[in-house]
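Hi everyone, thanks for coming. Let's have the model up on the screen, and then I'll walk you through a few parts of it.

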Amino acid sequence: MAQKIIDKKNPLSFHINVSGFDVSDFLPAEESEKQSMVVMRESVNFWKDGARRFRKNTLGMVSLAVIIAIIIFAFIVPLPYPYSYEEQIRGSENLGLMQYSKDELARKETGESVFPHVFGTDSLGRDYMIRIMMGSRISLLVGIIASTIILLIGSTYGAVAGYFGGKVDMIMMRLVDIIYTVPDILIIILLSVTLKYPLKHLAETIPGFNWINTVGVGLISIFVVFSLLYWVGMARIVRSQILTLKEQDFITAAKALGASHSRIIKKHLLTNCIGTLIVTTTLQIPSSIFTESFLSFLGMGVNAPMPSLGSLASQALGGITSYPHRLFLPAITISLIILSFNLLGDGLRDAFDPKLKN
Amino acid sequence: MGVYIVKRISLAVVTLFLVATLTFFLMFLVPGGPFLSEKAPSPQTLQALEKKYGLDKPVGIQYLNYMKGLIKSDLGPSLKMRGRQVNDIIKTGFPISARVGGIAMLLAIIIGIPLGTFSAINRGKWSDNVVMLISTFGIAVPSFVVATVLMYFFGVTLHILPTYGLSTPLHFILPVIALSFYPTAYISRLMRSSMLDVLGQDYMRTAKSKGLSQFKSLFKHALRNAILPVVTYLGPALAYILTGSLVVEKIFTIPGLGSQFVSSITDRDYPLIMGTTIFLAFLLITMNVIVDIVYKIIDPRIKLK
């Protein structure tokens with residue numbers, strides 16, 4: 001185009017030579033020509049944007065990798081593993097790391113391949129590695145289930161309170177204030193003590209409730225208390241988000257179109273809070289895991305022989321001088337789990353809501 | 001302001017009442033009563049025991065009696081430790097726990113606030129990153145891990161610090177450090193973000209342009225405003241120290257209220273469990289109310305009204 005309009009005899013002249021044009025030069029631009037002029041990136045949706053930001057955060061990515069590794073360790077590795085967590089192997093008590101007992105050495109002589117006790121055994125001859133794996137499994141399950149309960153109850157409650165406002169909101173928030181003041185650990189301990197008998201009675205009389213014995217009253221009381229007490233933090237956060245969201249025009253439009261309350265809450269309000277919901281839930285997981293391990297340490301968690309990282313650490317205290325690995329292995333595992341979830345939650349928060357970063 | 005205080009106190013009283021009632025009725029879920037866990041006494045002995053402890057009256061009367069006792073701050077006799085009253089047991093155990101917990105709280109404040117401030121001033125430099133990394137570890141690692149690891153390294157391997165009991169001041173070091181680890185880390189993170197907020201404010205820039213030295217502007221203006229979120233944290237911090245003491249006292253064999261509570265649970269000494277729960281709940285709720293009221297008083301925005 002420039003060759004056609006520049007005056008060849010005087011290139012610096014501003015005269016435009018129109019004789020060189022024809023109709024094809026003035027047709028509307030096609031899509032491809034328009035695209036070549038656009039300097040923007042293609043638009044990304046909320047998730048891709050957040051994922052892109054998260055990928056840049058090395059600490060967050062590393063902690064995600066660690067969590068995936070721990071999940072594999074806790075759920076997949078035990079499947080082909082030759083030992084089980086309650087199997088007491090006579091003659092193999094108190095082995096150190098990668099040690100073989102006399103019986104096992106004898107079996108190795110005969111050519112049989114014996115899987116080594118990588119983390120040794122405890123005082124009853126149970127392989128320690130599988131016990132740590134089961135303990136991690138319990139911790140992860142508690143964290144995820146408890147956080148799901150808190151998410152469901154808390155977000156529903158907060159959304160209803162925030163959406164309806166007025167008197168409903170006031171009453172609901174009074175209840176939240178009262179529950180917030182109750183000291184939770186005390187109630188958990190109390191419940192785990194007192195629920196033992198009714199639940200044991202339930203497990204024995206009504207068939208189908210046998211899992212209560214394996215899981216342990218401690219865990220059930222943790223879940224009960226989480227359902228009763230811990231959702232208030234989530235409810236407050238969701239409520240404050242909803243309060244700002246419901247003033248926006250698209251909500252007014254939805255109401256004008258006759259959308260029901262539940263539809264507005266579900267489809268419009270809560271879906272816009274998803275970033276906050278994900279971050280708060282992810283940050284709730286490590287504190288649930290902490291509470292479970294803390295209670296197991298005090299002896300109020302899962303029933304023996306099911307191991308929990310807290311009870312493993314507590315049992316290891318007795319032999320701390322001779323078998324320090326029995327303390328450090330569960331301690332490092334639980335610290336790693338809690339740390340990775342905390343860093344993951346921080347990374348998610350930075351990725352989905354960068355305005356919060358200081 | 002006065003309305004706020006009244007509202008807060010009435011909320012606290014309601015909650016305390018709820019906790020006491022909940023505790024009382026939970027004890028009744030246990031079948032057979034507190035005496036059947038021992039070698040079963042003869043029916044006459046059982047009757048006599050029940051009469052003595054008032055357990056043969058209907059539930060409603062027992063509840064009223066207990067509530068009456070509570071108002072007189074009498075928590076009843078202990079069932080397993082014959083002859084001792086729950087009030088006594090709490091009175092002997094609590095000062096010990098309070099000492100350890102109080103020092104731990106003080107340590108957390110004394111170390112956490114300067115550390116957070118230092119981190120905020122040197123934002124982005126490697127010293128800031130190091131401090132923040134350590135504090136992230138501090139809030140992730142559970143208290144029992146910290147306590148047991150400290151005990152192993154200083155007590156067992158290096159043999160320089162004692163690990164059980166509280167006879168000399170040296171004995172205090174390990175439990176206090178273990179207990180204060182998490183609050184210190186939390187306070188330093190809180191202080192850092194709060195200080196960063198304050199340092200970015202316009203009035204700090206004004207002070208600097210007026211020629212105020214960095215030292216003075218820090219202490220006179222920034223610190224006072226940045227410390228407010230830390231004051232709100234003091235309530236939950238106390239709750240943490242209380243629950244942390246359960247673990248620390250078990251590990252370091254300290255005869256405080258925490259280990260008393262844990263052993264009462266394994267012994268199923270119900271009046272002691274109830275009494276300790278109510279006492280601890282009362283302590284926590286009261287401290288939270290005090291902290292909330294103090295915060296409202298020292299918040300400079302309130303004075304402007």
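A residue is buried if 20 or more other C-beta atoms lie within 10 Å of its own, exposed if 12 or fewer, and partly exposed in between, with C-beta atoms placed from the backbone. With that in hand, buried residues account for 35% of the 305 residues in chain B.

A word on the source: this is a predicted model, where local features need pLDDT of at least 70, side-chain atom pairs count only at pLDDT 80 or more, and totals for chains, interfaces and linings use all residues. Residues are numbered from 1 along each chain as its sequence is written, while chains are lettered from A and ligands numbered from 1 in the order in which they are written.

Staying with chain B, we find 13 helices and zero strands (DSSP runs, H or I of at least four residues for helices, E of at least two for strands, numbered from the N terminus). Taking contact as C-beta atoms, placed from the backbone, within 7 Å, 75% of chain B's contacts between residues at least 6 apart in sequence join residues at least 24 apart.

Now, which residues touch the most other members of the largest nonpolar core? They are Ala313(A), Ala147(B), Ile187(B) and Val247(B), in a core of 135 residues. Such a core is a set of buried Ala, Val, Leu, Ile, Met, Phe, Trp, Tyr and Cys residues joined through C-beta atoms within 7 Å. Helix H6 (residues 128-164) of chain A gives the most to this core, 15 residues.

Leaving aside residues up to four places away in sequence, Ile187(B) touches Ala108(B), Ile109(B), Gly112(B), Ile113(B), Gly116(B), Val230(B) and Tyr233(B).

Technical notes:
Contact = placed C-beta atoms within 7 Å.
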